[in-house]
Amino acid sequence: MENVDWLEIKRKADAWIFEAGKLIRNSFNGDRTITYKSHAADLVTEMDKGIERFFIKNIRESYPDHQVLGEEGYGDEISDSKGVLWIIDPIDGTTNFIHQQTNFAVSVGIYHNGTGILGFVYDVARDEMFFAEKSNGIYLNGNKLPSLQETVLEESVFGINATWLTPNRRIDHTKLLPIVKRSRGTRSYGSAALEMAYVASGRIDAYLTMRLSPWDFAAGKILIEEAGGIVTTVEGSEISLLQQNSVFCGKPGLHEQVMNEIILGKK
């Protein structure tokens, strides 16, 4: 298992993701079967399910000893992160896919014994591929991007959903209001994978959310850490790869400032 051909895996994953993107774009003018998961805003389409099955079929045929964790449940029952683990979100931002046909992504994170090795976030509508490989940097459409530089809240654009700025059961929303007041501005795109890719590429400076599943953050975590950013829970602890987590990621300096001054309330 240690003799993993990562170059071949990268090449195949890249090809499969672009093929999945074509399938998704070809569906734009067709009818969609839309169903609900837990509530009316938690949507899934036949395209989500079909793209996940597409990935799993290809992975199974090429790498039968690899594990797969996917949002739509067609992968394996995962109890640990040993060996090679693919974590897939076939369409991250399904509501945007349905309503806007933009601001959604295919997200694939590939881990080895719990360490992120390859991360792909593909913005299908804009044809933008964010890619990172452990110890080899982050790329956008094949062009290497610079590492993230330190910044401060007062000079930052911060990714946060309005849900967490109103009363909710996961955090005292009043704790987060200084982010809105002190930053240059806030943004919300409705796709965690894209928002994390935007942090990694410097388009926004930080992103905070109170609930993400592994397929939402697996690829983005690799991108950000390879770019020199920081990814933790909102409490500042390490992300648990196989569970739901709160996620707070951002540029160095900014992450520490927000954690200390706003979340922890240190002077």
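Let's start with alanine 219, which sits in helix α6; helices here are DSSP runs of H or I with at least four residues, strands are E runs of at least two, and both are numbered from the N terminus. Please keep in mind that this is a predicted model, where local features need pLDDT of at least 70, side-chain atom pairs count only at pLDDT 80 or more, and totals for chains, interfaces and linings use all residues. Residues are numbered from 1 along each chain as its sequence is written, and side-chain values use heavy atoms, leaving out hydrogens and water.

So, is alanine 219 buried or exposed? With 0% relative accessibility, alanine 219 counts as buried (buried is under 20% relative accessible area, exposed over 50%, partly exposed in between, with a 1.4 Å probe and protein chains only). Leaving aside residues up to four places away in sequence, alanine 219 touches Ser107, Val108, Gly109, Gly119, Phe120 and Val121, where contact means heavy atoms within 4.5 Å. Its C-alpha is also 9.5 Å from that of phenylalanine 130, 89 residues apart along the chain.

Staying with α6 (residues 214–227), who is its helical partner? The axis of α5 (residues 192–201) comes within 8 Å of the axis of α6, and the two cross at roughly 0 degrees. Axes are lines fitted to C-alpha atoms, for helices over the stretch in contact, with angles from 0 to 180 degrees between N-to-C directions. That makes α5 roughly parallel to α6 (under 35 degrees is roughly parallel, over 145 roughly antiparallel, 65 to 115 roughly perpendicular, and the rest oblique). On the α5 side the contact includes Met196 and Val199, and on the α6 side Phe217 and Leu223.

Now over to α1, residues 6–26. This helix has 21 residues and reaches 30 Å from its first C-alpha to its last, close to the 30 Å expected at 1.5 Å a residue; the expected span is 1.5 Å times one less than the number of residues. Among its buried residues are Trp6, Ile9, Trp16 and Ile24. On the other side of α1, Leu7, Arg11, Lys22 and Asn26 are exposed. The cover over the buried residues includes α2 (46–62) and β4 (84–92).

Finally, how do α1 and α2 pack? Their angle is about 155 degrees, with the axes 11 Å apart, and the two helices are therefore roughly antiparallel. Residues making this contact include Trp16 and Leu23 of α1, and Phe54 and Phe55 of α2.
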